[in-house]
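Work through the exercises below with the sequence and the model open. Try each task before reading its solution.

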Amino acid sequence: MSKWQYTKGLHDLGNGCLAYLQPDGGWGWSNAGLIVDGGENLLVDTLFDLKLTREMLDEMRDKVPSAAKIKTLVNTHANGDHTFGNQLVSGAEIIATRQTAEEMFEFQPQRIKDLKAGRAQLGEGAQFLYEMMAKNFDWDDVVYTPPTRTFSERLDLKVGDKDVQLIYAGPAHTKGDTLVYIPKDKTVFAGDLLFVGGHPVIWAGPVGNWIKACDLILGWDIDVVVPGHGPVTDKSGVARFRSYLEYIDTEARKRYDAGMDPYTAATEIKMDPYMDWIDSERIVINVASLFREYGMKEEITPLALWENMSRFHKAGLCNCGRQHGAFKAS
């Protein structure tokens with residue numbers, strides 16, 4: 001049993017490190033973090049819409065007086081569930097990798113707003129995206145708010161007397177994944193380089209690089225790991241996640257070498273070791289990304305992947321009860 005509660009809100013991890021958690025960690029329900037020392041602070045990520053981000057900032061300011069004004073924000077990667085609240089930390093220095101800044105520019109909020117608004121015309125994939133994620137969030141007032149400072153491989157910061165290391169460990173989940181490591185406190189905020197209790201999404205890859213990122217974390221002297229989604233964990237959670245990456249890589253490679261198409265391969269991979277993980281339809285995305293890595297020439301669009309995940313649900317292949325019945329196919 002985890003030593004940390006998995007409930008919504010701000011959790012004190014000790015030594016001026018805090019995690020803001022959003023159960024159940026599924027599509028869009030991300031975590032964030034706060035690092036404080038004296039009157040200095042650093043926020044790790046914002047949330048998927050303004051309402052949620054305001055709630056988080058209000059709780060931080062209520063419980064941590066030095067968070068009255070956020071001075072530094074680090075975006076661990078470009079996905080909207082970690083960046084769409086950026087506009088609410090006006091005046092803060094916003095730091096991200098160069099790759100994250102590029103992806104944020106390419107995938108500005110208007111793109112997903114258009115998908116949500118036009119779902120009836122865009123087909124089954126857009127409708128499934130709406131049912132599984134978009135209906136839960138309000139993006140009407142979200143304004144593209146990019147980083148004000150970028151770095152390439154590593155950036156060392158000070159938060160009061162704390163040393164904070166920003167380490168580029170991508171591409172993996174996305175092109176720009178960053179770890180936020182506080183060595184003295186034996187704590188790391190992993191962003192979406194770590195999912196706990198849920199299937200990850202391989203948008204970028206390669207998977208081998210993601211495994212290296214896990215090995216990097218496992219090689220550190222740490223006690224606390226805050227994932228991008230799911231409950232706070234320790235090295236055991238990282239090790240189990242690493243085993244998932246190795247498992248799907250092995251199973252997908254077998255089916256690629258056998259000449260299967262990626263969707264059929266995804267339906268045949270047995271996820272028994274991870275039956276307690278939510279969002280199992282993501283195996284559809286992950287196998288397609290792995291096939292691309294192995295040499296598949298066919299391009300599969302994001303909407304086509306969402307459509308294939310809908311097919312996966314209709315076929316009754318999801319292994320988590322939370323998802324069953326969430327999408328009512330027309």
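**Exercise 1.** Across which strands does helix α2 lie, and at about what angle does α2 run to β6?

Solution. The model is predicted, so local features need pLDDT of at least 70 and side-chain atom pairs count only at pLDDT 80 or more, while totals for chains, interfaces and linings use all residues. Residues are numbered from 1 along each chain as its sequence is written, and side-chain values use heavy atoms, with hydrogens and water left out.

Step 1. Find the elements: helices (H or I, at least four residues) and strands (E, at least two) are DSSP runs, numbered from the N terminus. Helix α2 covers residues 98-106, and strand β6 covers residues 93-97.

Step 2. Helix α2 lies across β6 and β7 and runs at about 100° to β6. Axes are lines fitted to C-alpha atoms, for helices over the stretch in contact, and angles run from 0 to 180 degrees between N-to-C directions.

Step 3. β6 and β7 themselves pair in the parallel sense over three bridges; two strands pair if DSSP finds at least two bridges between them. In this pair T97 stands opposite F151 of β7.

**Exercise 2.** In what order do the seven strands of the open sheet stand, and which strands are at the edges?

Solution. Step 1. The order is β1-β2-β3-β4-β5-β6-β7, with mixed pairing.

Step 2. β1 (9-14) and β7 (149-151) are the edge strands; each has a single partner strand, so one side of each is left without a neighbour in the sheet. On average, neighbouring strands are turned by 25° against each other, direction ignored.

Step 3. Follow the pairing from β1. Five bridges join β1 to β2 in the antiparallel sense, and G9 stands opposite L21 in β2. The two strands form a hairpin with two residues between them, where N15 in the turn has a positive phi of about 60°. β2 also runs antiparallel to strand β3 (residues 32-37), with four bridges, and A19 stands opposite G33 in β3.

**Exercise 3.** Is strand β2 mostly covered or uncovered?

Solution. Step 1. Apply the cut-offs: buried means under 20% relative accessible area, exposed over 50%, partly exposed in between (1.4 Å probe, protein chains only).

Step 2. In β2 (residues 17-21), five of the five residues are buried, and the strand is mostly covered. C17, A19 and L21 lie on one side, L18 and Y20 on the other.

**Exercise 4.** At what angle do α7 and α9 pack, and how far apart are their axes?

Solution. Step 1. Two packed helices are described by the angle between their axes and the distance between the axes. For helix α7 (residues 235-257) and α9, the values are about 65° and 10 Å.

Step 2. Residues of α7 including Y244 and I248 meet residues of α9 including I283 and N286.

**Exercise 5.** Which residues outside its sequence neighbourhood does N286 contact?

Solution. Step 1. N286 is found in helix α9 (residues 283-294) and is buried, with a relative accessible area of 0%.

Step 2. Contact means heavy atoms within 4.5 Å. Leaving aside neighbours within four places in sequence, N286 is in contact with P200, V201, I202, Y244 and I248.

Step 3. The side chain of N286 makes a polar contact (a pair of N or O atoms within 3.5 Å; within protein, one must be able to donate a hydrogen and the other to accept it, and residues adjacent in sequence count only if both atoms are side-chain atoms) with the side chain of Y244, at 3.3 Å. A polar atom of the N286 side chain also lies 2.7 Å from the backbone nitrogen of I202.
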